[in-house]
Structure formats: structure tokens, C-alpha cells
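Q: I have just opened this structure and would like to go through it with you. Could we take it piece by piece?

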Amino acid sequence: MTSIVSTPIAYDYPQQNAAGGTCTAQAWAKTPPQLHGTEKAAVIARIKQLLIEKDAALVAHYYVDGDIQDLAMETSGYVADSLEMARFGKNHSAKNLIVAGVRFMGESAKILSPEKRVFMPDLEASCSLDLGCDAADFAAFRALHPDRTVVVYANTSAAVKAQADWMVTSSCALAIIHQIKVEGKKILWAPDRHLGRYIQEQTGADMLLWNGACIVHDEFKAVELEMLMAAHPNAMVLVHPESPQAVVDLADVVGSTSAMIKAVVEGSATEYIVATDNGILHRMRQLAPNKVLIEAPTAGDSATCKSCAHCPWMAMNGLQGILNCLENASGEIFIKEDVRIKALGCIERMLDFTQNHPDLLAKAQHGFVKNIGVA
Ligand code: SF4
């Protein structure tokens with residue numbers, strides 16, 4: 001049984017259309033100034049020097065600017081999905097972590113590593129899923145369903161995680177929820193309704209869903225995707241499960257950012273249509289330079305707006321912001337200790353599960369990879 005629970009989405013301003021649709025153009029995020037030439041080279045050199053001097057490691061998400069991803073790789077930092085970012089930050093010996101991503105990623109790093117100082121280029125870099133799941137509203141929702149195991153997506157605040165039994169990322173959600181279902185438990189899921197619906201379909205679990213959405217993935221358009229597929233009949237279609245069902249239903253591979261990169265690197269196809277934030281194309285091009293990558297459509301006849309398939313909050317991460325973290329200790333993450341302790345449990349449960357059950361994770365991937373023969 002799947003139910004949808006409506007909740008207001010705080011970030012959505014009056015331009016919201018009559019159907020309740022959202023779009024990236026409506027987000028309030030700001031973009032940092034772009035650096036060029038010698039100025040950019042000087043900032044990068046200074047960051048590299050300070051990362052060493054301050055005993056800091058740079059951890060970046062696949063969706064941030066390519067220059068930041070390259071900087072992380074060149075300085076023995078890491079570029080990854082949110083699961084591997086959390087694991088890397090926890091296991092790294094550096095005293096300071098610079099997290100280039102969105103707020104919940106910095107919070108997860110701090111929750112796991114309270115002894116480290118965690119900084120972000122811009123603390124206002126949020127996420128529509130996080131903003132759309134207020135901790136007090138969620139507590140009220142949870143109180144109505146005390147019989148359910150509470151599973152939250154990584155894209156939530158520390159205050160929401162503090163109320164959860166499990167945290168999951170898109171890399172491990174299917175395996176963990178399948179396991180909870182095997183144990184005979186019912187689930188309360190938040191906040192992404194598309195990912196929740198997809199997991200429910202794949203596992204058959206009894207899930208009650210919060211009504212949140214990612215403003216980037218929510219924009220992918222099935223009608224235009226079908227037209228693009230007709231123009232590229234041999235292309236493999238890769239879709240992130242935060243996308244609407246009609247888009248997911250067209251996919252050859254449905255998976256996390258890491259699974260999508262793996263599909264491009266290992267896939268036998270020459271062309272790939274990619275339905276996720278276009279920041280991921282930077283890493284895909286580096287790892288599979290001979291593959292042709294085509295962005296899935298977010299605009300067209302069936303679109304409600306002109307959107308760009310790029311997260312406005314991920315775009316707030318800039319080189320100057322990273323330098324500010326290192327030079328001025330700006331953008332530090334602080335979490336109340338009682339909240340941190342409560343939130344820690346659900347994250348550690350996920351990390352333990354993924355470490356101890358690689359077999360279940362691999363098995364669950366077959367649910368995500370719908371056309372494994374082509375992959
Ligand atoms: S891409 Fe979507 S899910 Fe990811 S941070 Fe941006 S709004 Fe959140």
C-alpha cells in the first residue's frame with residue numbers, strides 16, 4: 001500500500017503553477033562569481049597550499065562545478081555520491097573537511113566526525129527535499145504512525161534524521177528497504193515521493209510517503225525524452241530514481257549517480273542519454289572519453305518552464321567560497337550535540353549495513369538495472 005501525504009513546500013514561491021509544479025528557475029539560490037585566467041589559477045594554487053597547511057581534505061559531489069571536482073581529485077580529496085562522501089569524510093585522517101555540495105552533506109559529515117571541523121563554501125546551499133521536510137511537521141506525521149519504521153533519505157536535515165530509524169541514499173535504499181520488508185515491518189518514508197514510489201514498486205514494501213520532490217529531477221519530461229530516444233535509437237537511457245515515474249519507465253538503467261557513471265564506463269553502447277543533474281557529465285567525460293553523452297530534456301512542448309537540469313544550490317559552490325573556508329574559517333557546520341547523537345544512529349546503521357552486506361547491495365542493484373544485458 002502506498003499513500004501520498006501532502007505537505008507545503010517552503011521554497012516554492014508564487015510562480016508555482018496551478019498544478020503545483022516547481023522548477024529550478026523559481027529557486028532562490030545564488031551563483032558565485034566565475035573566476036577566469038590568472039585570477040582563477042591563483043585561487044586554486046592558494047587553496048592547494050592551504051589544504052596542506054590546515055590539514056584539510058576537500059570532498060565534492062558529482063553535481064558541483066567541474067573545477068571543484070578536479071581540485072578535489074588533485075589534492076587527494078574525493079568526488080562521489082552522498083553515501084561515499086559520508087564514508088570518506090568519516091575515515092579520513094584530516095582535522096578539517098571542506099564539503100562542496102549541499103547543506104545536508106556537510107551536516108552528515110559533522111554528525112559522523114564531531115572531532116573534525118567541517119566547512120562549506122556556502123551554508124545556504126540547500127536542497128528542495130530538505131526544505132520541503134520541516135522537522136516539526138515531520139514529527140507530527142511520524143507521531144500519527146508509531147507502528148512504522150522510519151526511513152529517511154540522506155537529503156534531510158539533521159533534525160529530521162534525529163527522528164529516523166534508518167537513513168538511506170539512492171545507492172543503498174533498495175537493499176535496505178527490501179531487508180526491512182523481509183523483517184515484516186511497515187515503512188514511513190521521507191521525503192522524495194518519486195524515489196519512494198520507485199522503491200515501493202521494486203520491493204513491494206508497505207510504504208507511507210512524504211510528498212517531497214527534487215526540483216531538478218522533477219523537471220525531466222517523458223514526452224520529449226521519447227522524441228530524443230527516437231532520434232538516438234541505440235542510446236542507453238540512464239535515469240535517476242528521483243525523476244517522475246513516466247521518465248523512470250523509459251529507462252534502461254535506473255540508479256544512483258555512482259550507478260549511472262558505472263553504466264557509462266562499463267556499458268557497451270556508444271551513446272547515453274543522461275537524466276540527472278548535468279554536473280555529472282564532467283566526471284563521466286573524464287572516465288569514459290569515447291562515449292557520447294546526451295542530456296535528457298527538461299524543456300519542450302510539455303514543459304511548464306525553461307529549466308536547466310542543474311541544481312541551483314549545487315551551483316552555489318565556488319572556488320572563492322572554498323578559499324574563504326580555509327582562510328577565514330567561514331561556513332562552519334555546527335550541530336547541537338543532542339541532535340547529532342540522535343541523528344548518528346540512523347547514519348551508522350546504513351554504513352554498517354552497506355559494509356556488512358555487499359551481497360544484498362549487489363542483488364538489489366538488479367532491481368535498479370532494468371536491462372542488465374545491455375549494461
Ligand atoms: S539536485 Fe535535487 S536532490 Fe540534489 S541537492 Fe539539488 S534539489 Fe536536492
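## A walk through the model

Q: Where is D55 found?
A: This is a predicted model, and in it D55 sits in the loop between helix 1 (37–53) and strand 2.

Q: Is D55 buried or exposed, and why?
A: D55 counts as exposed, because it has 11 C-beta neighbours inside 10 Å and a residue with 12 or fewer is classed as exposed.

Q: Let me step back, then: how many helices and strands does the protein have?
A: The protein has 16 helices and 13 strands. Of its 375 residues, 50% count as buried, and among contacts between residues at least 6 apart in sequence, 68% join residues at least 24 apart.

Q: Now the ligand: how many residues surround it, and which are the closest?
A: The ligand is surrounded by 14 residues, of which the closest are C127, S128, C214, V216 and C311.

Q: How does that shell divide into nonpolar, polar and charged residues?
A: The shell around the ligand has 10 nonpolar residues, together with two polar and two charged ones.

Q: Which domains does the shell draw on?
A: At least three residues of the shell come from domain 1 (2–20 + 129–215 + 340–363), and at least three come from domain 2 (37–127 + 314–335).

Q: Changing topic to helix packing, how do helix 4 and helix 15 cross?
A: The axes of helix 4 (residues 103–112) and helix 15 (residues 337–356) come within 9 Å and cross at roughly 95°, which means that helix 4 is roughly perpendicular to helix 15.

Q: Which residues make the contact?
A: From helix 4 the contact uses S108, I111 and L112, while helix 15 contributes R340, A343, L344 and I347. Sorted by class, the residues in this contact of helix 4 with helix 15 are five nonpolar, one polar and one charged.

Q: What about helix 3, which of its residues are buried?
A: In helix 3 (residues 82–91) the buried residues are S82, L83, E84, M85, A86 and G89. These buried residues pack against strand 2 (56–61), strand 3 (78–80), strand 4 (96–100), helix 4, helix 12 (257–266) and helix 15.

Q: Can you follow up on L83, and say what it touches?
A: Not counting residues up to four places away in sequence, L83 touches T169, S171, C172 and T354. L83 is buried, with 23 other C-beta atoms within 10 Å, and its C-alpha is 9.3 Å from that of M105, a residue 22 places away in sequence.

Q: Where is S258, and what does S258 touch?
A: S258 has its place in helix 12, and, again not counting residues up to four places away in sequence, S258 touches D81, E84 and S171. With 19 C-beta neighbours inside 10 Å, S258 counts as partly exposed.

Q: And I280, is that one buried or exposed?
A: I280, which lies in helix 13 (residues 280–287), is buried, with 24 other C-beta atoms within 10 Å. Leaving aside neighbours within four places in sequence, I280 is in contact with Y62, Y63, T257, M260, I261 and V274. The C-alpha atoms of I280 and D65 are separated by 9.3 Å, although these residues are 215 residues apart along the chain.

Q: Why is helix 9 described as largely enclosed?
A: Eight of the 11 residues of helix 9 are buried, so helix 9 is largely enclosed by the rest of the structure. The buried residues are R193, H194, L195, G196, Y198, I199, Q200 and T203, and just after helix 9, G204 takes a positive phi of about 75°.

Methods
Residues are numbered from 1 along each chain as its sequence is written. This is a predicted model: local features need pLDDT of at least 70, side-chain atom pairs count only at pLDDT 80 or more; totals for chains, interfaces and linings use all residues. A residue is near a molecule or strand if its C-beta atom, placed from the backbone, lies within 6 Å of it. Ala, Val, Leu, Ile, Met, Phe, Trp, Tyr, Cys and Pro count as nonpolar, Asp, Glu, Lys and Arg as charged, and the others, Gly among them, as polar. Domain bounds come from an automatic or database domain assignment. Axes are lines fitted to C-alpha atoms, for helices over the stretch in contact, and angles run from 0 to 180 degrees between N-to-C directions. Helices (H or I, at least four residues) and strands (E, at least two) are DSSP runs, numbered from the N terminus. Angles under 35 degrees count as roughly parallel, over 145 as roughly antiparallel, 65 to 115 as roughly perpendicular and the rest as oblique. Two residues are in contact if their C-beta atoms, placed from the backbone, lie within 7 Å. A residue is buried if 20 or more other C-beta atoms lie within 10 Å of its own, exposed if 12 or fewer, and partly exposed in between; C-beta atoms are placed from the backbone.
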